Amino acid sequence: MAATLIEREKQWDTLNDLLGSARRGRGRVAVISGPIAGGKTTLLEHFTEAALSEGALVLEAAGSRAERYLPFGILRRLLDTTAPLDPAVHAETTALLDGAGAQALEAGDRGDADGAVEAGMRVLPHVCAALLRIARERTLVIAVDDVHHGDELSRAFLLCLARRVRQAGVLIVLTEAVRLLPAQLAFHAELQRQPNCTSIRLPLLSADGTGRLLAGRFSTAAAQRLSADCQQTTGGNPLLVKALLEDGLAALGDSEPFQPLVPAETFERAVLDCLHRGDPQMLAVARGIAVLGDADRPALLSRITDVHVKSAELAVQDLERCGVMRDGAFRDTATRDAVLAAAPTGALSALHQRAARLLHQDGAAALDVARHLLAARKQVEDWAIPVLQQAAEYALVEDDPELALRCGELAVASSPEGPRRTALKSRLVSIVWRSSPVAAEGHLRQLSREFAAGRLTDRDLLHAVTCLAWMGEARQAGAAVRRLQDAARQARDTGQPLAYDPGTLAAAQSWLSLVSPAVGEAFTTTGAPYGTRPAAPRTPGAAPADAGDTAPYAMPDDAHVPAVEAMRTALRGGQGEAAVSAATRVLQRYHLSDHTLTPLVFAVLALVYAGRLDLALTWTDRLLGECSARNAPTWQAALGAVRAEVALRQGDLPGAAAQARQAMSLISVQSWGVGIAMPLAILIEAETQMGNLEEAMGLLEQPVPDTMLETQIGLHYLRARGRCHLAAGRYHAALRDFLTCGELMQAWGMDAVELAPWRLDAAEAWLAIGNVPRAREYVEQQKQREAGPAGSRPRGSLLFALALTSGDLTYRLKRLTEAVELLEEHEDRLQLARALGELGSCYRAAGDFNRARMLVRKAWHVAKSCGAQPLCQQFTPGQGDGEPVVTGREAEPPKEAEALSEAEARVALLAARGHTNREIATKLYVTVSTVEQHLTRIYRKLKVKRRRDLPAQLWDLSLPGIA
């Protein structure tokens, strides 16, 4: 038995029995039916070959859809077969058919259709008689494939012969489809009425049969592994199974398969072969299902394909019978792809357009409609533009920015010039911005022209200004805002309508003045714009008053406005609580979105500048968590940079470097625009403090936008570059950067130590150069400007600088003691380590070696926890107090610690490591008040008065849950 006849053994035996009956003079009729490509033709071919080999005379033909209207088409092919038909019989039958054809032609010319059929029917008994004479001497097998495609007269001949073969050596074998058209049903019914007719049904292969077929080319074990997946893909259709097998063999070569076979070109051609073998309606329905995705809505499928509902349902049944579909859907995506790929482009586009319209009329989801509009690859009608807008928003919610982008682009391309197109362009910029700001630059330039022409909404104007400033075009944006303000003033004077609310223009000016203070200077030189109060005298650390005060127009309800106020409050100094309150209101009121990203980032930075790193960390982590599940790399990058800034100010150098690198990797350097200043500055500073000077110097070689130093965050980069030069011994280069930073801050009216303590940095550079008087001069300048309370974080750095620039040991001890006390209450552990080490050196100079050793040891531990390797080396033996630093298992915890409870020991350990009360509370999940109570008891038990007196050996305590 051939491998192609697997699971056809029973049908084969039936045909052989029927052939044996015909040899005995008992003529039979066999009708083989089965699904499309189910193996009917293969079985028939093998049977006729076997019959020929046994001496039977085989006359064979096949029905054709293209020749179904050709009279006697099948019959003539039977008689013209290459088999050795008796010449006399051939001549006789041919003459009969030719005569009948001539009579039918004459009747047709007269318009007598019935006469034409009657003329053909009259010769059929004579043709049958001629063939029956042959069967007296030799078994005759008449095989007709796809008889349902035969012409009417040929089918009539087969019926005529079937009624006459019961006592003749004739076997008629026919194949037909499972589902027949109404015109074919009469023939089928009449044939089945014959007592000598046998029906043979061919089912699709079972999973076992599929495995047996695979076993012919693979090992038994491999065939067993592959059979289930192969059956799932093909449904047991022999044609599809063989095609999938061929694709697998082509891909594997001589290798043994361990993964399911992957459909490829042969399989796709086999799928199309199946579809073309069926009725034309089946192909149309298959395309409709490929477009819709399933056949669950027959009425909709009918309307899309323009096929009657009942016909569509029958076509779906045929597709499921032949294994192409299951449960109303294609079995494999490769099948659907093959159907779509083979469809003419125009026809496929029309199907998608029709599907989109009908789905929209039926109330389908905007995303479902939009996918068809996109697949049509044509501009859409007016009704579809709002659908694309909705679909873009839903796609963003479902974390599919690529789909949202395509919807936005199609909506813009399909919209005529006007306000709606402008609004669509603005939204498109926001969508592209999420993934790649540099990719949005082309759209942004178009939008900037709309912005300058006064065609944006007030809300979109502020967003456009923000995007332009990000890409380093703040000056161009500022010039456009000034022109719009002039136009607004003229419009007011002439009584014409305003393009933008003056409050919105003032808000845009205020934002630009904050982000790029150089633009703010240009605003102040042109006079107060329309919609703002006259400029008030500027005070150090304050932004231009006219940039934020509006009268009589109110500011728009937008996150940019309160974010600007929060940042300015934070940079004024001495208004920490007010800044925290203002920034918190922004963060609580506005949710993260395309329009609020930058304002929220500035609100968190306001918390950083206000010294509330704990709150900044909480809000940054919350915002990062909000966008972590959304595909918005730009959001994550911007917030990640803020997170790195918090880590840097906390003294977590490795964490800051890692987070800065992560933020920079999310989007390209070009996409960062002028914003690259922040993560790059953090990375340079962290690598410098960790002692990786070569890495830091390499980062300085990275190209940055020319306009970066015109921005507020560009000051971070300028200071970081100066710190790197200072660590590398390039003292004059460092001093130049620090003084340039100071000049810019003074010129911009934001000379705030919270932003960049440039005077203290310059003093450190002067000390390195050896010019102590100049260093003391800058420290004294900072002292005179210090407006914060005694416990402020900048105050601790100032006291440390005052100590460094003083030659009086008593004065230095006093100032360093105060600095340590202040820094211990805040979160800058790196500065605390420096202050502790310097205080230890002072005590050693004063002769108090025990206290000196304790302080330097503690400074080493704090520096170690920060990852500051240069400081650790400074505090190692021979560099600090002369006592070796003992770490790990060699260290012995103090005996006093035995008196502490477990909770107290945890608090004492973290306090000794330099953590603030707030940090300790966060780590131990308790309140700050609880930490303070524990510290009071710890001081009493250890007989110390303050935090800095805690034994440094507490670091070596081993407590579960504390690394």
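I began with the crossing of α8 and α10 in this predicted model, and I noted the crossing as right-handed. The residues I listed for this contact are T210, L213 and L214 on the α8 side and V241, K242 and L245 on the α10 side. By class I sorted these contact residues of α8 and α10 into four nonpolar, one polar and one charged.

Next I looked up the geometry of the pair. Helix α8 covers residues 207-215 and helix α10 covers residues 238-252. I found an angle of about 40° between them, with the axes 11 Å apart.

I then turned to the nonpolar cores. The largest has 235 residues, and I recorded I289, F451, L461 and I684 as those with the most contacts inside it. Helix α28 (residues 597-609) gives this core its largest share, eleven residues.

I followed up I684. Leaving out residues up to four places away in sequence, I found that I684 touches A696, L699, L700, Y717, A720 and C724.

I also noted a second, separate core of 43 residues, with L78, L85, I142 and L174 among its members.

Last, I took the totals for the protein chain. I counted 46 helices and seven strands. Of the 963 residues, 55% count as buried. For contacts between residues at least 6 apart in sequence, I noted that 69% join residues at least 24 apart.

Methods:
Residues are numbered from 1 along each chain as its sequence is written. This is a predicted model: local features need pLDDT of at least 70, side-chain atom pairs count only at pLDDT 80 or more; totals for chains, interfaces and linings use all residues. Side-chain values use heavy atoms; hydrogens and water are left out. Axes are lines fitted to C-alpha atoms, for helices over the stretch in contact, and angles run from 0 to 180 degrees between N-to-C directions. Helices (H or I, at least four residues) and strands (E, at least two) are DSSP runs, numbered from the N terminus. A crossing is left-handed if the near helix is turned anticlockwise from the far one by less than a right angle, and right-handed if clockwise. Contact means heavy atoms within 4.5 Å. Ala, Val, Leu, Ile, Met, Phe, Trp, Tyr, Cys and Pro count as nonpolar, Asp, Glu, Lys and Arg as charged, and the others, Gly among them, as polar. A nonpolar core is a set of buried Ala, Val, Leu, Ile, Met, Phe, Trp, Tyr and Cys residues joined through side-chain atoms within 4.5 Å. Buried means under 20% relative accessible area, exposed over 50%, partly exposed in between (1.4 Å probe, protein chains only).
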